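The sequence and the structure are shown first.

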Amino acid sequence: MPKRLPTRERLHQIHRWACDTWDTPARLRVEKRLPKEYKGCLGCVEFPDEFPKGLPPLIRVLKTNRSQSAETYLHEFAHIVDCYRNGFAEGRKHEGHDAAFRNVAHEVLVRFVYEGGEAESLDF
Ligand SMILES: [Zn+2]
């Protein structure tokens, strides 16, 4: 039985699994609070101006409880996979929460929850 990691470490473990599984570079910060412009949000992604070049996008997740933080993380990670695949969200509907995004978010969630990802990620 693997030992139960603290939330922050567990999120970084899921992050290493996700980056490896989708072969997608990203950075993660687990935060006590998010910048003012994200007030009311549980997470966000900061893309470099030169995306898809430049530093990998930065996921910032508010540290709430473990399952909520993980759910938020997977949502934000899906934004990154979506932007590499389908282009940057600027001008896309629903602030990037369009049909193309929803397909990717669904793929990420299904892989994690129903296709063994949660267990696999324990080895990362
Ligand atoms: Zn979103």
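Strands β2 and β3 pair in the antiparallel sense, and 4 bridges join them. One of the residue pairs involved is C44 with its bridge partner R60 in β3. The coordinates come from a predicted model.

**The sheet**

The open sheet holds 3 strands in the order β1-β3-β2, with mixed pairing. Its edge strands are β1 (27-31) and β2 (43-46), each of which pairs on one side only. Direction ignored, neighbouring strands of this sheet are turned by 20° against each other on average. Helix α1 (residues 7-21) packs on the sheet and touches β1 and β3. The direction of α1 makes about 160° with that of β1.

**A residue in β3**

Strand β3 covers residues 58-62 and includes I59. Is I59 buried or exposed? I59 is buried, because 24 other C-beta atoms lie within 10 Å, and the cut-off for a buried residue is 20 or more. Leaving aside residues up to four places away in sequence, I59 touches A26, R27, L28, G43, V45, Y73, E76 and F77. For A26, the separation from I59 is 33 residues in sequence and 7.2 Å in space, C-alpha to C-alpha.

**Helix packing**

| Helix pair | Axis separation | Angle | Crossing |
|---|---|---|---|
| α1 and α2 | 10 Å | about 30° | right-handed |
| α2 and α3 | within 8 Å | roughly 130° | right-handed |

With axes at about 30°, α1 and α2 are therefore roughly parallel to each other, since angles under 35 degrees count as such. In this contact, T7, R10, L11, I14, H15 and A18 of α1 meet R66, S69, A70, Y73 and F77 of α2. By class, the residues of the contact of α1 with α2 are 6 nonpolar, 3 polar and 2 charged.

Helix α2 spans residues 66-86 and helix α3 residues 99-113; their axes cross at roughly 130°. That angle makes α2 oblique to α3. On the α2 side the contact is made by L74, H75, F77, A78, H79, V81, D82, R85 and N86. The α3 side contributes A100, F101, V104, A105, V108, L109 and F112. The contact of α2 with α3 has 11 nonpolar, 3 polar and 2 charged residues.

Residue F77 links several of these descriptions: F77 is touched by I59, is among the α2 residues that meet α1, and is one of the α2 residues in the contact with α3.

Note on methods. Residues are numbered from 1 along each chain as its sequence is written. This is a predicted model: local features need pLDDT of at least 70, side-chain atom pairs count only at pLDDT 80 or more; totals for chains, interfaces and linings use all residues. Helices (H or I, at least four residues) and strands (E, at least two) are DSSP runs, numbered from the N terminus. A residue is buried if 20 or more other C-beta atoms lie within 10 Å of its own, exposed if 12 or fewer, and partly exposed in between; C-beta atoms are placed from the backbone. Two residues are in contact if their C-beta atoms, placed from the backbone, lie within 7 Å. Axes are lines fitted to C-alpha atoms, for helices over the stretch in contact, and angles run from 0 to 180 degrees between N-to-C directions. Angles under 35 degrees count as roughly parallel, over 145 as roughly antiparallel, 65 to 115 as roughly perpendicular and the rest as oblique. A crossing is left-handed if the near helix is turned anticlockwise from the far one by less than a right angle, and right-handed if clockwise. Ala, Val, Leu, Ile, Met, Phe, Trp, Tyr, Cys and Pro count as nonpolar, Asp, Glu, Lys and Arg as charged, and the others, Gly among them, as polar. Two strands pair if DSSP finds at least two bridges between them.
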